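Colleague: I would like to go through this model feature by feature. Please give the general rule each time, then the case at hand.

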Amino acid sequence: MEARLWAYIDGLSDETSIIEKLLAENREWKMKYAELLEVHELMAATELEQPSLRFTKNIMEEIARYQIAPAAKEYINKKIIWGIAAFFMTMIIGFLVYGVSQVDWSEAGNSSSPIGVDLGAVDYSKMFNNSFVNGFMMMTSGS
């Protein structure tokens, strides 16, 4: 009912003759129409407020009075960054040492490899069968 009355008041209704008939015959429609018409007139009578011409400039000047947030360099703890870097460097060096320790150096002279070590003969199953290595791999690939 209310939506139909608003459309009638705004002049957008397709069923004006039906609504006029309901307004003439039905008391409830007539009361609601009077209420909505009063609201419509109040809205038409009030003017929209407009911001001043310097609104944006005033806001920017007000913001400039407050302290500006510090740069990221000031609130990131360098000790934490160095700790994370040290952890990863330790892990990389540990993997390299463990991998090199798995090489059978007695076979070094018999290889046709330019570095003197046949990398195909390295047993990687020993390296990746370790539960610590498997746990680390799960933690780092969990994102």
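Colleague: Is Arg65 buried or exposed?

Modeller: Buried means under 20% relative accessible area, exposed over 50%, and partly exposed in between, with a 1.4 Å probe and protein chains only. Arg65 is exposed, because its relative accessible area is 66%. Before going on, note that this is a predicted model, in which local features need pLDDT of at least 70 and side-chain atom pairs count only at pLDDT 80 or more, while totals for chains, interfaces and linings use all residues. Residues are numbered from 1 along each chain as its sequence is written, and side-chain values use heavy atoms, with hydrogens and water left out.

Colleague: What share of the protein counts as buried?

Modeller: Of its 143 residues, 12% count as buried.

Colleague: How many helices and strands does the secondary structure have?

Modeller: Helices (H or I, at least four residues) and strands (E, at least two) are DSSP runs, numbered from the N terminus. Here there are 8 helices and 0 strands, and the pattern along the sequence is α-α-α-α-α-α-α-α.

Colleague: At what angle do H1 and H2 pack?

Modeller: Axes are lines fitted to C-alpha atoms, for helices over the stretch in contact, and angles run from 0 to 180 degrees between N-to-C directions. The angle between H1 and helix H2 (residues 16–25) is about 110°, and their axes are 11 Å apart. Angles under 35 degrees count as roughly parallel, over 145 as roughly antiparallel, 65 to 115 as roughly perpendicular and the rest as oblique. H1 and H2 are therefore roughly perpendicular to each other. As for handedness, a crossing is left-handed if the near helix is turned anticlockwise from the far one by less than a right angle, and right-handed if clockwise. The crossing of H1 and H2 is left-handed.

Colleague: How do the axes of H6 and H8 cross?

Modeller: They come within 13 Å and cross at roughly 135°, H8 being the helix of residues 131–140. H6 and H8 are therefore oblique to each other, and H6 passes H8 in a left-handed crossing.

Colleague: How many salt bridges are there?

Modeller: A salt bridge is a side-chain nitrogen of Lys or Arg within 4 Å of a carboxyl oxygen of Asp or Glu. By this rule the count is 5. One of them joins Glu2 and Lys32, at 3.3 Å from N to O. Glu2 is in helix H1 (residues 2–10) and Lys32 in helix H3 (residues 27–45), so this pair ties together parts that are 30 residues apart in sequence. Glu2 is partly exposed, at 38%. Glu2, Lys32 and Glu35 are linked in a network of salt bridges.

Colleague: Which residue forms a salt bridge with Glu62?

Modeller: The partner is Arg65, with the closest N and O atoms 3.5 Å apart. Both lie in helix H4 (residues 55–65), 3 residues apart, about one turn of the helix. Glu62 is partly exposed, at 35%. Another salt bridge, between Glu61 and Arg54, has an N to O distance of 3.3 Å.

Colleague: Which residues make the nonpolar surface patch?

Modeller: Patches are made of residues with over 30% relative accessible area and no salt bridge; like charges are joined within 9 Å, nonpolar side chains (Val, Leu, Ile, Met, Phe, Trp, Tyr) within 5 Å. Accessible areas come from the Shrake-Rupley method with a 1.4 Å probe, and for residues only the protein chains shown count as cover. Met89, Ile92, Ile93, Leu96 and Val97 make a patch of about 500 Å². Leu96 lies in helix H6 (residues 78–101) and counts as exposed, at 56% relative accessibility.
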